[in-house]
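Take a walk through this model with the structure open beside you.

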Amino acid sequence: MIEPNGARALGNYSLREIATHLPCDRSSPILEVGCGPGALLTALKEQAYSNLHGLDLSETLAGHGRQFLDVNIAVGEWQEHLLASPDCYSVIVALDVLEHI
């Protein structure tokens, strides 16, 4: 599993990749699909984004993120989640997901 400092470093790398696509309003709802333990969510939280949601298939990874990184991660399929929550997010991030489909 990933420890907080490792999560911070990995999350900051991902954050640099998507920074220009993030909303100026730091309370805008952001969903990360395939978030694993929540490294990017951790980096976003440290940048004062406050309405963060993660989604992953692995209860183990999600539980680790909730317990050790204090991030909001649900477990489930992205298609079902988005159908159940249409128009809920300003930004949906899916880094490192396509290679698993």
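Glu-3 counts as partly exposed, at 42% relative accessibility. The scale behind that label is simple: buried means under 20% relative accessible area, exposed over 50%, and partly exposed in between, with a 1.4 Å probe and protein chains only. Glu-3 sits in the segment before helix 1. Its C-alpha atom is separated by 7.6 Å from that of Phe-68, 65 residues apart along the chain.

Some ground rules come next. This is a predicted model, in which local features need pLDDT of at least 70 and side-chain atom pairs count only at pLDDT 80 or more, while totals for chains, interfaces and linings use all residues. Residues are numbered from 1 along each chain as its sequence is written, and side-chain values use heavy atoms, with hydrogens and water left out. Helices (H or I, at least four residues) and strands (E, at least two) are DSSP runs, numbered from the N terminus.

Four strands form an open sheet in the order 3-2-1-4, and the pairing is parallel. Strand 3 and strand 4 (91–93) stand at the edges. Each has a single partner strand, so one side of each is left without a neighbour in the sheet. From one strand to the next, the twist averages 20°. That angle comes from axes, which are lines fitted to C-alpha atoms (for helices over the stretch in contact), and angles run from 0 to 180 degrees between N-to-C directions.

What holds strands together in general? Strands of a sheet pair through backbone hydrogen bonds, either parallel or antiparallel. Here, two strands count as paired if DSSP finds at least two bridges between them. Strand 1 (residues 30–33) and strand 2 (residues 52–56) pair in the parallel sense over four bridges. Ile-30 stands opposite Leu-52 in strand 2. Val-33 has Leu-55 of strand 2 as its bridge partner. Strand 2 is largely enclosed by the rest of the structure, because four of its five residues are buried.

Six of its eight residues are buried, so helix 2 is largely enclosed by the rest of the structure. The buried residues are Ala-39, Leu-40, Leu-41, Thr-42, Ala-43 and Leu-44. Ala-48 follows helix 2 and has a positive phi, near 75°.

Most residues other than glycine have a negative phi. Asp-70 is another residue with a positive value, near 55°. Asp-87 also has a positive phi, of about 60°, although it is not a glycine. Asp-87 is found in the loop between helix 4 (78–84) and strand 4. Asp-87 is exposed, with a relative accessible area of 83%.

How many salt bridges are there? The count comes to two. The rule asks for a side-chain nitrogen of Lys or Arg within 4 Å of a carboxyl oxygen of Asp or Glu. In one, the side chains of Lys-45 and Asp-70 meet at 3.6 Å, N to O. This pair links distant parts of the chain, 25 residues apart: Lys-45 is in helix 2, and Asp-70 is in the loop between helix 3 (59–69) and strand 3 (73–75). Lys-45 is partly exposed at 35% relative accessibility. Asp-70 is exposed, with a relative accessible area of 58%. In the other, Glu-59 and Arg-66 meet at 2.4 Å, N to O. Glu-59 is partly exposed at 45%, and Arg-66 is partly exposed at 33%.

About 190 Å³ of space lies in the second largest pocket. Twelve residues line this pocket, and the closest to its centre are Leu-10, Glu-32, Cys-35, Ala-39 and Asp-96. Helix 1 (4–18) and helix 2 (39–46) each supply at least two residues of the lining. By class, the lining has seven nonpolar, three polar and two charged residues. Ala, Val, Leu, Ile, Met, Phe, Trp, Tyr, Cys and Pro count as nonpolar, Asp, Glu, Lys and Arg as charged, and the others, Gly among them, as polar.

The pocket terms need their cut-offs too. On a 1 Å grid over the protein atoms alone, a pocket is an open set of points with protein on both sides within 12 Å along at least five of seven lines. A cavity, by contrast, is a set of points where a 1.4 Å probe fits but cannot get out. Lining residues have an atom within 4 Å of a point. Grid points are joined across faces, edges and corners, and a volume is the space filled by probe spheres set on the points.
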